[in-house]
Amino acid sequence: MAALKAFEGLEALEIWELLQQRAPGTERWSTRLAEAKPERDLDRAAAAHARFVIPGDDEWPEQVEILAEAGQLSRRAGVPFGLWVRGPANLRRVLERSVAMVGARASSSYGEHVAAELSAGLSDNGITVVSGGAYGIDAASHRGALAGSGVTVAVLACGVDVSYPKRNSALFSRIVEEGLVVSELPPGCSPTRLRFLARNRLIAAATLGTVVVEAAVRSGALNSAGWAEQCGRAVLAVPGPITSRMSEGAHLLVRERDAVLVTNVADIIEAISPLGTRLTPYPQSPKIPTDDLHHDLRRALDAVPVHTPAPATRIATTAGLDVRTTLQCLETLADLSLIHHAPTGWRLTPVTPPTQ
């Protein structure tokens, strides 16, 4: 927040000149100039086959500029001056239809399965999956997207040439081949806790919505959801077992913060689409022959015995219908093969079990 106030309205080059001049009020940041070596950063980027994308470039995702207004009460707000990008895809294009998938690092097998399935489905529907490259839900989301037909983007809290966590190095290599690895930090930078929190704002601002798959009550995923709220993006949550601590945060988002509960890919697509489009139909059970029966037919059918045949007069009494109406109903139900007539009266038609 202090930096936003100190450099408000200034271009990157103007800020650089102020810091070099050690202008009054810039002492907090000018002391770091010795470590700032743009030429070294560009050389490292070239070695990693990375590029630096700035506002005005063809690849620049303009939606992140919402951060100029969002999060003014946070010390990690603000639009990045540029983004380091590694991979063959065009950053702006792949983020045009994108969803953030976030969640716990210490995830359950349920959470990882759901994250992978949803990400694969989104990928197959041409929607880019964005996550943070961490263990747990992040990694499962990236892998699911890679299994689909789309691309995935990993937004890091370190340099794009740094594999963190180390055990995800092979995953990052796969992402770079087909998708993108992105960071606002220059090559060579190591992650810190504050950088993870700052990274979350980029994930939220760059996408159309943030899906929280699993999260404890204190979780970085909830921080991402908070940024999505401040950016005016959709906040979505996947329900989990009520006995799972890792689902408490997702349930909290639905109960207290108006997050949209989602259980499948169609739910997510509806939530990020323009209002009134791509609506998800309510789930319905398969229709059965009795669904469209008239009221009297239903009453007559309910009164027909299952095993021991009964005469029409007894059925009429049980159904609360006159005998004439009952006889008409019984004939209709027989035509529909729902009942049949035996020597001693009417009974339901036995249901033939399906053959194995």
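Predicted model: local features only at pLDDT ≥ 70, side-chain atom pairs only at ≥ 80, totals over all residues.
Residues are numbered from 1 along each chain as its sequence is written, and side-chain values use heavy atoms, with hydrogens and water left out.

Q: How many aromatic pairs does the rule give?
A: Rings of Phe, Tyr and Trp (its six-membered ring) pair if their centres lie within 6.5 Å; planes under 30 degrees apart count as stacked, over 60 as edge-to-face and the rest as tilted. By this rule the number of aromatic pairs is 2.

Q: Are the rings of Phe52 and Trp84 stacked, edge-to-face or tilted?
A: The ring centres of Phe52 and Trp84 are 4.4 Å apart. Their planes meet at 35°, so the pair is tilted.

Q: Which strands does the pair of Phe52 and Trp84 link?
A: Strands (E, at least two residues) and helices (H or I, at least four) are DSSP runs, numbered from the N terminus. The two residues are 32 residues apart, in distant parts of the chain. Phe52 belongs to strand E1 (residues 50-53) and Trp84 to strand E2 (residues 83-86).

Q: Is Trp84 buried or exposed?
A: Buried means under 20% relative accessible area, exposed over 50%, and partly exposed in between (1.4 Å probe, protein chains only). Phe52, with 36%, is partly exposed. Trp84 has a relative accessible area of 7%, so this residue is buried.

Q: What is the class of the pair formed by Tyr164 and Phe196?
A: The centres of these rings lie 6.1 Å apart. The planes of Tyr164 and Phe196 are at 50°, so the pair is tilted.

Q: Which residue lies over the face of Phe196?
A: A charge sits over a ring if NZ of Lys or CZ of Arg is within 6 Å of the ring centre and within 35 degrees of the ring normal. At 5.1 Å from the ring centre of Phe196, the residue over its face is Arg105.

Q: Within what arc do the buried residues of H13 fall?
A: In helix H13 (residues 295-303), the buried residues include Leu297 and Leu301. The arc is that of the directions from the helix axis to the C-beta atoms. The buried residues line one face of H13, because their arc is 165°.

Q: How far is the nearest cysteine sulfur from that of Cys158?
A: A disulfide is a pair of cysteine sulfur atoms within 2.5 Å, and the structure holds 0 disulfides. Cys158 is in no disulfide; the nearest cysteine sulfur belongs to Cys189, at 8.7 Å.
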